[in-house]
Amino acid sequence: MNFSKKLEFVKTIPLETFLVSRGSVYSKRVNGRTSEYYCPYHNDSANPNLTVNTRRNTCNCFRCEFGGDVICCESYLKYKCHSKSLDKERFVELVENLYGDFYGRDLTPFVGDSYKFAKEEDEFKRKVFDKCVSDYKSSLLSGIDKSSL
């Protein structure tokens, strides 16, 4: 596939899907076209500052003032600079990598609550850990006369 087709495809990657794939945590949907995320470009633990406009497929962080489309976001994550300041080689490499990462994947725009899923996953991990500890204690005590304890 030629580069212009790959570039077209990369520009259609929903920014919400991209952000979640790169570790950003969804906070809430503000209205039908705007969502808030915790910004992956700085320590954004108190309040979600990254706003995504799903109609334009762009984002803007009100704290670090970062903004742009999927290509800008990946450029900043990978090279710590805006995509417009990349040389041709890096820009082509960036588009090729994004194409490779997302081509053939389900690109349904992210509409769930990744924070909720992350909390559920943490809860599951905690339960598994607790069960392992309980089983380990049981196995240690199985050979001991419990009446002597």
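## Close-up views: legends

**View A. Glutamate 65 is exposed, with a relative accessibility of 67%.** Exposed denotes over 50% relative accessible area, buried under 20%, and partly exposed the range in between (1.4 Å probe, protein chains only). The model is predicted, so local features require pLDDT of at least 70 and side-chain atom pairs are counted only at pLDDT 80 or more, whereas totals for chains, interfaces and linings use all residues. Residues are numbered from 1 along each chain as its sequence is written, and side-chain values use heavy atoms, with hydrogens and water left out. Glutamate 65 is located in the loop between strand 4 and strand 5 (67–68); helices (H or I, at least four residues) and strands (E, at least two) are DSSP runs numbered from the N terminus. Although not a glycine, glutamate 65 adopts a positive phi of about 65°.

**View B. Lysine 80, in the loop between helix 3 and helix 4, has a positive phi of about 60°.** Lysine 80 is not a glycine. Its relative accessibility of 59% places lysine 80 in the exposed class.

**View C. Helix 1 (residues 3–11) has Lys6, Leu7, Phe9 and Val10 buried.** Viewed down the helix axis, the buried residues of helix 1 fall within an arc of 160° and therefore line one face of the helix; the arc is taken over the directions from the helix axis to the C-beta atoms. An α-helix has 3.6 residues a turn, so residues three or four places apart point the same way. Glu8 and Lys11 are exposed on the other side of helix 1. The buried residues of helix 1 pack against helix 3 (70–79) and helix 4 (88–102).

**View D. The largest nonpolar core comprises 27 residues, of which Val10, Leu15 and Phe18 touch the most other members.** Such a core is a set of buried Ala, Val, Leu, Ile, Met, Phe, Trp, Tyr and Cys residues joined through side-chain atoms within 4.5 Å. At least two residues of this core come from each of helix 1, helix 2 (15–21), strand 3 (50–53), strand 4 (58–61), helix 3 and helix 4. Leaving aside neighbours within four places in sequence, the contacts of phenylalanine 18 are Ile13, Val70, Cys73, Glu74, Leu77, Leu98 and Phe102, contact meaning heavy atoms within 4.5 Å.

**View E. A salt bridge joins the side chains of lysine 6 and glutamate 96, at 2.9 Å from N to O.** The pair links distant parts of the chain, with lysine 6 in helix 1 and glutamate 96 in helix 4, 90 residues apart. A salt bridge requires a side-chain nitrogen of Lys or Arg within 4 Å of a carboxyl oxygen of Asp or Glu, and by this rule the count is four. Lysine 6 is buried at 13% relative accessibility, while glutamate 96 is partly exposed at 32%.

**View F. Arg22, Glu74 and Asp101 are linked in a network of salt bridges.** The closest N and O atoms of arginine 22 and aspartate 101 are 2.9 Å apart.

**View G. Lysine 78 and glutamate 93 meet through their side chains in a salt bridge of 3.5 Å, N to O.** Lysine 78 belongs to helix 3 and glutamate 93 to helix 4, so the pair ties together parts 15 residues apart in sequence. Lysine 78 is partly exposed, with a relative accessible area of 36%, and glutamate 93 is partly exposed at 35% relative accessibility.
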